[in-house]
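I opened this entry to look up charged side-chain contacts. My notes follow the model below.

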Amino acid sequence: MISIVPLTADHWEAVRAIYLEGIATGDATFQQTAPDWSEWNKGHLPTCRTVATRGSKVLGWAALTAVSGRCVYAGVAEVSVYVAKAAQGAGIGTELLANLIAQSEAAGIWTLQAGIFPENTASLALHAKSGFRTVGTRERLGEMNGRWRDVLLLERRSSSVGK
């Protein structure tokens with residue numbers, strides 16, 4: 001049975017390992033290394049961060065990052081969802097994202113956004129299934145390993161917050 005629980009410092013080593021697996025694919029993030037707990041913790045919202053576990057094993061994680069420090073954007077956050085390679089295809093990402101959406105709405109967040117490489121078709125499908133829509137392509141947004149990469153910008157507007 002899968003449990004979705006709050007992500008804490010105690011989960012960090014497993015969360016970091018899953019993040020490193022995503023980084024290694026070359027299609028999950030521009031990041032080339034995973035930060036330490038302190039840096040990661042400062043960069044993510046203190047709420048809306050979860051892990052999927054089976055027993056004591058962490059299978060995936062999800063968290064939100066503020067898109068801006070300006071008060072007008074207080075209800076807009078960037079989504080991160082990562083699933084361990086060994087657990088992919090089992091619906092873990094769907095559970096994590098559904099839980100994250102519910103938590104974000106409870107926290108008053110009205111827009112979730114995600115930046116996804118076009119090559120990351122599994123992540124694009126997950127987000128589409130969860131109500132995200134593609135709002136545009138950020139062409140040649142950044143260079144990674146000598147290659148310019150496009151990023152698709154997706155968003156999900158809450159049907160209950162910000163009405």
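I started with Asp-27, which counts as partly exposed because its relative accessibility is 22% (buried is under 20% relative accessible area, exposed over 50%, partly exposed in between, with a 1.4 Å probe and protein chains only). The model is predicted; local features need pLDDT of at least 70, side-chain atom pairs count only at pLDDT 80 or more, and totals for chains, interfaces and linings use all residues. Residues are numbered from 1 along each chain as its sequence is written, and side-chain values use heavy atoms, without hydrogens and water.

Next I looked up salt bridges (a side-chain nitrogen of Lys or Arg within 4 Å of a carboxyl oxygen of Asp or Glu). I found 5 by this rule.

Asp-27 pairs with Arg-149 at 2.6 Å, N to O. I placed Asp-27 in the loop between helix H1 (12–25) and helix H2 (37–43), and Arg-149 in strand S7 (residues 147–157), 122 residues apart. Helices (H or I, at least four residues) and strands (E, at least two) are DSSP runs, numbered from the N terminus. Arg-149 is buried, at 2% relative accessible area.

Which residue forms a salt bridge with Arg-149 at 3.1 Å? I noted Glu-119. Glu-119 lies in the loop between strand S5 (111–116) and helix H4 (121–129), so its pair with Arg-149 in strand S7 ties together parts 30 residues apart in sequence. Glu-119 is partly exposed, at 38% relative accessibility. Shared partners join Asp-27, Glu-119, Arg-147 and Arg-149 into one salt-bridge network.

I also logged Arg-156 with Glu-105, a salt bridge at 3.2 Å, N to O. Arg-156 lies in strand S7 and Glu-105 in helix H3 (residues 92–106), so this pair ties parts 51 residues apart in sequence. Arg-156 counts as buried, at 18% relative accessibility.
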